[in-house]
Amino acid sequence: MSAIFSFGERLDGYAVPVLNERAVRAAAGIVFFFAIVSFMNAWLVGNSQFTWMFAVAFLIDFTIRTRGGRQLGTCRRGAGLYRCGRRLDPPCGSQ
């Protein structure tokens with residue numbers, strides 16, 4: 001598989017590349033919060049300028065996360081900071 005379509009990072013003990021699920025969920029929650037704030041602002045105040053800015057920021061962030069890889073992904077640096085140096089949790093069902 002080419003580097004463009006690759007994802008995750010290789011860790012000892014895992015046969016496939018893995019993602020830090022907690023960091024991904026934290027980043028999704030942060031993005032969801034700003035989406036709700038921007039849409040509520042557009043609906044209640046009638047000003048959709050913040051929604052347009054959020055949409056552009058989301059597209060830039062999404063492009064960086066999907067095309068930039070592990071080095072540029074904001075999920076790795078932003079939401080995953082609290083896990084510095086710790087191994088990922090084992091997959092469900094493994095002992």
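Helices here are DSSP runs of H or I with at least four residues, numbered from the N terminus. With that settled, welcome to a short tour of a predicted model.

View 1. Phe54 and Phe58 both sit in helix α2, which covers residues 49–67. They are 4 residues apart, or about one turn of the helix. Searching the whole structure turns up 3 aromatic pairs. In one of them, the rings of Phe54 and Phe58 are stacked, with 6.2 Å from centre to centre and 25 degrees between the planes. How accessible are the two side chains? Phe54 has a relative accessibility of 15% and counts as buried, because buried means under 20%. Phe58, at 35%, is partly exposed.

View 2. Phe62 is partly exposed, with a relative accessible area of 45%. Taken together, ring pairs join Phe54, Phe58 and Phe62 into a cluster.

**View 3. Ser38 is a buried residue of helix α1.** Look for Ser38 in helix α1. Is this serine buried or exposed? Its relative accessible area is 0%, so Ser38 is buried. Which residues does Ser38 touch, once neighbours within four places in sequence are set aside? The contacts are Phe50, Thr51 and Phe54.

**View 4. Helix α1, from end to end.** Helix α1 spans residues 21–45, 25 residues in total. From the first C-alpha to the last, α1 reaches 36 Å, close to the 36 Å expected at 1.5 Å a residue. Along α1, the buried residues are Ala23, Ala27, Ala35 and Ser38.

**View 5. A nonpolar patch on the surface.** Which residues make up this patch? Phe32, Ile36, Met40, Trp43, Leu44 and Val45 form it, with about 710 Å² of accessible area together. Leu44, one of the patch residues, belongs to helix α1. With 62% relative accessibility, Leu44 counts as exposed, because the cut-off for exposed is over 50%.

**View 6. Stepping back to the whole chain.** The protein chain has 4 helices and 0 strands, and its elements run α-α-α-α from the N terminus on. Of its 95 residues, 19% are buried. Among contacts with a separation of 6 or more, 52% are between residues 24 or more positions apart. The chain exposes about 7600 Å², and carbon and sulfur atoms supply 68% of that area.

Note on methods
Residues numbered from 1 in each chain as written. Predicted model: local features only at pLDDT ≥ 70, side-chain atom pairs only at ≥ 80, totals over all residues. Heavy atoms only, no water. Helix = DSSP H or I, 4+ residues; strand = E, 2+ residues; numbered from the N terminus. Buried < 20%, exposed > 50% of the residue type's maximum accessible area, 1.4 Å probe, protein only. Contact = heavy atoms within 4.5 Å. Areas by Shrake-Rupley, 256 points an atom, 1.4 Å probe, with all protein chains shown as cover. Expected span 1.5 Å × (residues − 1). Phe/Tyr/Trp six-rings, centres within 6.5 Å; stacked < 30°, edge-to-face > 60°. Patch = residues over 30% accessible without salt bridge, like charges linked within 9 Å, V, L, I, M, F, W, Y side chains within 5 Å. Salt bridge = Lys/Arg side-chain N within 4 Å of Asp/Glu carboxyl O.
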